[in-house]
Amino acid sequence: MESITTSSYAVHFNGNAFLQLKDYLGKQTYSKVFVLVDENTKEHCLPVFEKTMANAFPFDLIEIKAGEVHKNIEACTHVWEALSDMDADRKSLLINLGGGVVTDLGGFVASTYKRGIDFINIPTTLLSMVDASVGGKTGVDLGSLKNQIGVINQPKMVLVSTVFLETLEDRQMRSGFAEMLKHGLIQDASYWKKLKSLNNLDTIGEDIYTSVSIKNRVVLEDPTEQHLRKILNFGHTLGHAVESYFLENDGKETLLHGEAIAVGMVLEAYLSNKLTGLPTEDLEDIKTSFLKWYPKVDFTSSDITAILSMLKFDKKNSHGNINFVLLESIGNPVIDVKIPNDLYVGAFAYYKD
């Protein structure tokens with residue numbers, strides 16, 4: 001596969017990815033190289049990375065705990081202190097080997113350590129390959145509130161190797177697949193049609209490339225999320241609220257990002273049907289397609305009330321308004337839509353029905 005060029009770096013794929021990394025490091029004069037992993041990627045992905053690179057360069061390892069619950073400023077402090085203890089200077093490089101938590105957090109740590117050091121992302125989950133690989137969004141959660149602290153800053157390169165997908169369980173694969181389905185809904189009806197007809201995720205290498213290309217085109221046109229880039233948030237306004245609610249409630253099973261966003265996309269498709277003209281047949285298609293891949297989540301009335309109260313924390317809000325991305329049709333989004341409060345209950349009722 002050809003590399004995909006963003007505004008300031010390239011996304012390299014599969015075998016070419018590690019050749020590009022070796023070539024890049026051979027031309028640089030970094031004082032030290034650090035590799036950030038979590039518990040899972042240390043066990044499953046680091047050996048693959050080390051074997052593939054074949055001792056091409058020395059590095060020091062930094063480890064954080066796995067999971068969204070650890071995507072916080074305390075983990076950042078741990079990594080900042082580790083970098084300091086191991087004499088990282090402004091000419092050091094941080095390689096983030098992991099899923100979205102590692103790449104988001106690692107990118108933020110690198111962007112702020114000594115006012116900024118270089119970093120490279122090697123996403124190891126399907127979600128991070130198709131979502132975190134492009135756009136430069138870094139950051140951490142504030143309590144259970146998603147991605148409240150962070151900066152937009154670009155890596156030196158991103159390496160996407162599908163060999164890491166062999167380490168993932170099915171649930172993690174489906175979580176990433178939700179973002180790919182979103183790419184079809186917001187930009188390409190034929191891509192949506194192709195993905196929704198799949199019966200397994202065994203052969204989606206080319207589709208990963210398509211998703212990265214779609215996101216890259218959007219980000220190139222609107223790098224700071226002033227207009228078009230907002231379409232990437234379809235499903236995320238309610239989806240993030242659902243994810244945060246389930247994350248902070250001990251009595252609830254934590255939802256993976258893609259599982260929560262899948263719920264959000266069905267809810268926001270309902271709102272689209274009511275407000276922006278999404279045809280009812282498209283709405284039914286969206287609901288049926290997501291329920292094919294994602295078990296229905298049970299919401300009580302008190303759950304819904306609590307979830308809706310979290311909408312005020314959404315990062316896309318402006319001047320007290322909650323801004324939604326909705327669909328006119330599959331492949332045609334509308335940004336900055338305000339929602340009448342009485343429609344939310346109907347959206348959850350439609351999802352539950």
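The structure is a predicted model, in which local features need pLDDT of at least 70 and side-chain atom pairs count only at pLDDT 80 or more, while totals for chains, interfaces and linings use all residues. Residues are numbered from 1 along each chain as its sequence is written, and side-chain values use heavy atoms, with hydrogens and water left out.

Two packed helices are described by the angle between their axes and the distance between the axes. Helices here are DSSP runs (H or I, at least four residues), as are strands (E, at least two), and both are numbered from the N terminus. The axes of helix H11 (residues 257-275) and helix H12 (residues 280-293) come within 9 Å of each other and cross at roughly 170°; axes are lines fitted to C-alpha atoms, for helices over the stretch in contact, and angles run from 0 to 180 degrees between N-to-C directions. The crossing makes H11 roughly antiparallel to H12 (an angle over 145 degrees). On the H11 side, the contact (heavy atoms within 4.5 Å) is made by Ala-262, Met-265, Val-266, Ala-269, Tyr-270 and Asn-273. H12 contributes Thr-280, Leu-283, Ile-286, Lys-287 and Phe-290. Sorted by class, the contact of H11 with H12 has eight nonpolar, two polar and one charged residues, where Ala, Val, Leu, Ile, Met, Phe, Trp, Tyr, Cys and Pro count as nonpolar, Asp, Glu, Lys and Arg as charged, and the others, Gly among them, as polar.

Side chains of opposite charge can pair when their charged atoms come close. With a salt bridge defined as a side-chain nitrogen of Lys or Arg within 4 Å of a carboxyl oxygen of Asp or Glu, the count comes to 14. One of them joins Lys-27 and Asp-23, at 3.1 Å from N to O. Both residues lie in helix H1 (residues 14-27), four residues apart, about one turn of the helix. Lys-27 is exposed, at 61% relative accessibility, and Asp-23 is partly exposed, at 39% (buried means under 20% relative accessible area, exposed over 50%, partly exposed in between, with a 1.4 Å probe and protein chains only).

Another salt bridge pairs Lys-146 with Glu-68, at 3.0 Å from N to O. Lys-146 lies in strand E8 (residues 145-149) and Glu-68 in the loop between strand E4 (60-64) and helix H4 (73-85), so the pair ties together parts that are 78 residues apart in sequence. Lys-146 is buried at 7%, and Glu-68 is buried at 18%.

Definitions and conventions. Parallel < 35°, antiparallel > 145°, perpendicular 65-115°, else oblique.
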